[in-house]
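Colleague: I would like to go through the charged pairs and the sheet, with the reasoning behind each label. Please show me the chain to begin.

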Amino acid sequence: MYKFYHVDMGARLRQGMTIELSEQTTSVFGHVYWKQFRHVGIKQFPSQQIVPPQTNLLGNEAYREFWLEFFRIGNPELKCLELPSRLNSFFVVESIEDAHRYITRSNLGKDLPIFEVHSQEPGAKFDMTWLDQQFPRDYQQFGYYYLRYWKGLRMDEDRYLAAHETRGSLMEVLLSSTITIGQRVT
């Protein structure tokens, strides 16, 4: 059994809850973005050769999540890797300290509940710092970052960007199987 921590921004979690996740099950996180995708007319992820023009109608976060999924399923360097979809995953960190760093970095306030999360799987670790960057809606600009995110590389070890990103890496873990919510921690 693996133990992780989750910042409950939506105040939906309760100790003892079981959450079923799978490749076929969209998570609460994923539902938010699928609703936005469908709102602009995107009903499924297109083939790698076709990027629907409706992506330009998406807000910044939905645009990011569309492209992250598009990269995951279609990039030649990633196709052979077994990567979970962010749209079907539950996000956790490995320590209480990382949960507090996430709260601080995201300017979420101080009174958010943090819960233990128990899983039978170790999950897949990615550096969320790659996604914190601001860049134009240009594949040539964000492709470098998204590819490194999905490869599980740490930004603070990138020879080009380590000096630029002074906050250091912050690893998130994507869980995509059944999880159990543990006790609330302080």
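**Salt bridges and sheet**

Modeller: A search of the whole structure, which is a predicted model, gives 13 salt bridges.

Colleague: What makes R64 and E65 a salt bridge?

Modeller: Their side chains meet with N and O 2.9 Å apart. The cut-off is 4 Å between a side-chain nitrogen of Lys or Arg and a carboxyl oxygen of Asp or Glu, so the pair qualifies.

Colleague: Why is E65 called buried?

Modeller: E65 has a relative accessibility of 1%. Buried means under 20%, so the label holds.

Colleague: How do you know that E172 and R86 form a salt bridge?

Modeller: The N to O distance between these side chains is 2.9 Å, and the limit is 4 Å. This pair links distant parts of the chain: E172 belongs to strand β6 (residues 171–175), while R86 sits in the loop between α2 (60–74) and β3 (90–92), 86 residues apart.

Colleague: Are E172 and R86 buried or exposed?

Modeller: Both E172 and R86 are buried.

Colleague: What makes K125 and E94 a salt bridge?

Modeller: The closest N and O atoms of K125 and E94 are 3.3 Å apart, and the criterion is within 4 Å. K125 is in strand β5 (residues 124–127) and E94 in the loop between β3 and α3 (96–105), so the bridge ties together parts 31 residues apart in sequence.

Colleague: Why is K125 called partly exposed?

Modeller: K125 has 39% relative accessibility. The class lies between under 20% for buried and over 50% for exposed, so K125 falls in it. E94 is partly exposed as well, with a relative accessible area of 38%.

Colleague: Which residues are joined into one network?

Modeller: R64, E65, R86 and E172 are joined by salt bridges that share partners.

Colleague: Now the sheet. What is the order of its strands?

Modeller: The open sheet has 4 strands in the order β1-β4-β7-β2, with antiparallel pairing.

Colleague: Why do β1 and β2 stand at the edges?

Modeller: β1 (2–7) and β2 (18–19) each have a single partner strand, so one side of each has no neighbour in the sheet.

Colleague: How do you know that β4 and β7 pair?

Modeller: Strand β4 (residues 114–119) is joined to strand β7 (residues 179–185) by 5 bridges, and the two run antiparallel. Pairing needs at least two bridges, so they pair. H118 stands opposite T180 in β7.

Colleague: Which helix packs on the sheet?

Modeller: α3 does, touching β1, β4 and β7. The direction of α3 makes about 20° with that of β1.

Notes:
Residues are numbered from 1 along each chain as its sequence is written. This is a predicted model: local features need pLDDT of at least 70, side-chain atom pairs count only at pLDDT 80 or more; totals for chains, interfaces and linings use all residues. Side-chain values use heavy atoms; hydrogens and water are left out. Buried means under 20% relative accessible area, exposed over 50%, partly exposed in between (1.4 Å probe, protein chains only). Contact means heavy atoms within 4.5 Å. Axes are lines fitted to C-alpha atoms, for helices over the stretch in contact, and angles run from 0 to 180 degrees between N-to-C directions.
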